[in-house]
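Here's a quick tour for anyone meeting this structure for the first time. Have a look at it, then read on.

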Amino acid sequence: MDPIQLWNAIKEDLRKKTNEFSYATYIDSLTPVAIIENDNNSVTLQLTSNHENVADEWQTEGNAYTQSFVQSAMMATMSLNGQPTYVMPSVTYIEPKPTQLDLNPNDTAATDAIEPEEGDSTVLASNFITKATLNPEFRFDTFVSSDENREAYSVAQAVADNPGTQWNPLLIYGGVGLGKTHLMQSIGNAVLERTPEAKVKFITTEDFINDFTEALRRGPKATEAFKREYRSTDLLMVDDVQFLAGKEKIQEEFFNTFNAITRENNQIVLTSDKLPKEIPGLEMRLVTRFGQGYSANITKPDLPTRVAILRNKSDQENLNIPNDVIDEIAAAVDTNVRDLEGVFNQVVGKMKFSKADVTVETARSILEKMSFKRQRAITVPIIQDTVATYFDVTIDDLNGKKRNKEIVVPRQIAMYLARELTQDSLPQIGRTFGGKDHTTVMHSTEKIEKKIAEDEQLQRQVEEIREKLTN
């Protein structure tokens, strides 16, 4: 087996099980070196990392990645060789070293010339700046969009068609595993398909932080190379910008990078887990810049969309999974797309390795092991109905404008639970409550959250309503 081919196959499976930040930091940053055959018919895949903390994490007993690695390796070797092989990872830290030239150490002028000159910065940049890669599977035609996410999907397509024009930057925000990275990389793949020579760069915020920190460590010329590398992109895509919070020096550099790219009418696409103004520790000037283009919310897929996602994946892999099995999985996994794909992969593994027919009972067994069970979806109207019944008010009262305490408190509790128990955005929740502004929803949820810590009766009431909803 070729170590690079094997690692690429394992990574593709791990990508589906791991959040964007962990994948970029602890998986995609590793370099395959060799495959060692062991005496017990297993093999060891030797990998290296330029980050000591990454290697330490992999070397820690019981770490979060080894078990997933072994499972993904079984799938990968089955696909590559026709039979599964037990593969263990071995990650070694390799300290990065700057390129050395054969110079006389006593020659001061020669020593000063070690760093490349102004026009020769790309050699230096390639030594320490993260290589940008796109997943070819992340395309618009493989992204299954629900009605709620149609807006984000359409805006992303518009940006891909005309980058650097009206929607700049495009910020895609939402919870973990909902497809933000998929949609963002779809833009990059579409741009490159149309304009192969375009300079497209996809990175995580962690990559940006590491690259800038390494540039500062290497000195002024490396810092200049960093700036030229990042600021000359036609399309810069940055994942998880919420991790900029609290890092003043990094935020300053990102602000300058942002300005340089948009000044040239080039495109920036960002993802975040929430709106910029909701990220504590993010400087106001970045909040303003991030909000000057278009902010598109991605929410968790509804039941029909989850069914469509599973059927789409089944078709892509030429599998004949019964519709009742797909329906069972879709009804039980209502968290995010990544969890949905995780259960799907377990079902696929069962089909391939056991050679047995997959039934609803098989799916339920897998779901139970992964702590999922079929349940009704909790929606804002269900929450409103439950709260209204509990407090003996009407849904019209909750959606109306009455300001007396008997109505305001139930309304605020309903908004609080809607934000907690659904994936609806603040504007979506506000619209469901009689067209109220998203700031009203935010104020209500923050007020209930604060009161719960002080008022035992209110805490009990909220808990009782939550139990009625979840049971």
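Accessible areas here come from the Shrake-Rupley method with a 1.4 Å probe, and for residues only the protein chains shown count as cover. On that basis the protein exposes about 23,600 Å², with carbon and sulfur atoms supplying 47% of that area.

This is a predicted model, where local features need pLDDT of at least 70 and side-chain atom pairs count only at pLDDT 80 or more, while totals for chains, interfaces and linings use all residues. Residues are numbered from 1 along each chain as its sequence is written, and side-chain values use heavy atoms, leaving out hydrogens and water.

## Overall build

You'll find 22 helices and eight strands in the protein; these are DSSP runs (helices H or I, at least four residues; strands E, at least two), numbered from the N terminus. Along its principal axes, the C-alpha trace spans about 85 × 55 × 45 Å.

Of the 471 residues, 49% count as buried, meaning under 20% relative accessible area (1.4 Å probe, protein chains only).

## The annotated site

UniProt, in an unreviewed entry, places a "binding site" at Gly177, Gly179, Lys180 and Thr181; such annotations may be inferred rather than shown by experiment, and the positions follow the numbering used here.

Gly179 sits in the loop between strand 4 (170–173) and helix 8 (180–194). Gly179 is buried, at 16% relative accessible area, and leaving aside residues up to four places away in sequence, Gly179 touches Phe143 and Ile298 (contact means heavy atoms within 4.5 Å). As for Lys180, this residue is in helix 8 and is buried, with a relative accessible area of 2%.

Terms used: Buried < 20%, exposed > 50% of the residue type's maximum accessible area, 1.4 Å probe, protein only.
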